[in-house]
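Subject: Structure handover

Hello,

Here is the structure I promised you. Please open it first, then read my notes below.

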Amino acid sequence: MKNRIWKKLAVISVSIFIFTFALAGCGQSDRNVSGDSGSPVNENANSNEPANSAVKSNAAEAQSAVTGGLESDSSDSSTLAEGSDDTGNASEPAVSATKLEVCFGDDGEPFILHLYDNETAAAIARHVGTADWRLPIYHYDDYDNWEVMQYYDIPSRYEIPSGAETITSEKAGEVYYSGPNRIVLFYGDAEVTGEYTRVGYFDDTEEFREAVENNPALEGWNTKMVLIGSVEQWQ
């Protein structure tokens, strides 16, 4: 009888010990996962190698993606830098919605001047909006390149900003600003180098060229006139 009792007590003691050890192990595992006791215990240094490899692989992929993006951006920048025409001049600027009308001679037909979207063109349009311009051409056949260009002096009271760049060739119909206070019109293709600000352009038609070339001098004066007004004022 006594032997049976001792055997049962021994079995119960062993069971209690195993159960207590199992509880201690789960608690330790929970702490390592949740971080309640700080960093997880590194029981096997080699067990972290797969994780480190994955981190290195992810970092390499991220660096590759960034490098690829930079290379793509660099390619795009190179493409933009090449955005120039075959004459070496910068590509055409953006066109503004604002337009002016120009008559070559007091009785001439109006032609549309399409303005570019920049401060110089905007200032000219703003000044013309307050009062039409009637500008004289005192010299029209006695200066260099007169057969392809004309220039009109603007009164000095008008302040016009400049964004000059070196222009080496021009197309018929192009209009530029040359400081101080001068509008330059090319009514023929040319290769004239100058420091100009792009203002706008006329459609290069036969009627346009004839109007410029056949602009009559004022009777009794060795002077031609150019009239510039806003589109609304001419309607």
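Phe-104 and Phe-202 are both buried, where buried means under 20% relative accessible area, exposed means over 50%, and partly exposed is in between (1.4 Å probe, protein chains only).

Some ground rules before we go on. This is a predicted model: local features need pLDDT of at least 70, side-chain atom pairs count only at pLDDT 80 or more, and totals for chains, interfaces and linings use all residues. Residues are numbered from 1 along each chain as its sequence is written, and side-chain values use heavy atoms, with hydrogens and water left out.

**Confidence**

pLDDT is the predictor's confidence in each residue, from 0 to 100. The protein chain averages 73, and 60% of the residues score at least 70. Be careful with residues 9-84. There pLDDT stays under 50, and the model has 12 contacts beyond four places in sequence for this stretch. Contact means heavy atoms within 4.5 Å. Where pLDDT is low, the predicted coordinates should not be read in detail.

**Aromatic pairs**

Rings of Phe, Tyr and Trp (its six-membered ring) pair if their centres lie within 6.5 Å; planes under 30 degrees apart count as stacked, over 60 as edge-to-face and the rest as tilted. By this rule there are 11 aromatic pairs. One of them joins Phe-104 and Phe-202: the pair is tilted, at 6.0 Å centre to centre and 55° between the planes. Phe-104 sits in strand S1 and Phe-202 in the loop between strand S8 (194-201) and H4, so this pair ties together parts that are 98 residues apart in sequence. Helices (H or I, at least four residues) and strands (E, at least two) are DSSP runs, numbered from the N terminus.

Now look at Tyr-176 and Phe-186. Their ring centres are 5.8 Å apart and their planes stand at 90°, so the pair is edge-to-face. Tyr-176 belongs to strand S6 and Phe-186 to strand S7, so the parts tied together here are 10 residues apart in sequence. Tyr-176 is buried at 2% relative accessible area, and Phe-186 is buried at 0%. Ring pairs also link Phe-104, Phe-111, Phe-202 and Phe-208 into a cluster.

**The cores**

A nonpolar core is a set of buried Ala, Val, Leu, Ile, Met, Phe, Trp, Tyr and Cys residues joined through side-chain atoms within 4.5 Å. The largest one has 31 residues, and Phe-104, Trp-133, Phe-202 and Ile-228 touch the most other members. Elements that give two or more residues to this core include strand S1 (95-104), helix H3 (119-130) and strand S9 (224-230). H3 gives the largest share, five residues. A second, separate core has 11 residues, among them Val-148, Met-149, Tyr-151 and Tyr-196.

What does Trp-133 contact, leaving aside its neighbours within four places in sequence? Its partners include Ile-124, His-127, Tyr-158, Ile-183 and Ile-228.

**Helix H4**

Phe-208, Ala-211 and Val-212 are the buried residues of H4. Seen down the helix axis, they fall within an arc of 95°, so they line one face of H4. The arc is that of the directions from the helix axis to the C-beta atoms. These buried residues pack against S1, S2, S4, S7 and S9. Glu-206 and Glu-207, on the other side of H4, are exposed.

**Strand S4**

Strand S4 is mostly covered, with four of its five residues buried. S4 and S7 pair in the antiparallel sense over five bridges; two strands pair if DSSP finds at least two bridges between them. Asp-153 stands opposite Arg-182 in S7.

Most residues other than glycine have a negative phi, and most peptide bonds are trans. Check these places against that. The peptide bond from Gly-179 to Pro-180 is cis, with omega near 0°. Pro-180 is in the loop between S6 and S7. Asn-181 lies in the loop between S6 and S7 too, and its phi is positive, near 55°. Asn-145 also has a positive phi, near 65°. Asn-145 lies in the loop between S3 and strand S4 (149-153).

Are these two Asn residues buried or partly exposed? Asn-181 is buried, at 12% relative accessible area. Asn-145 counts as partly exposed, at 31%.

Best wishes
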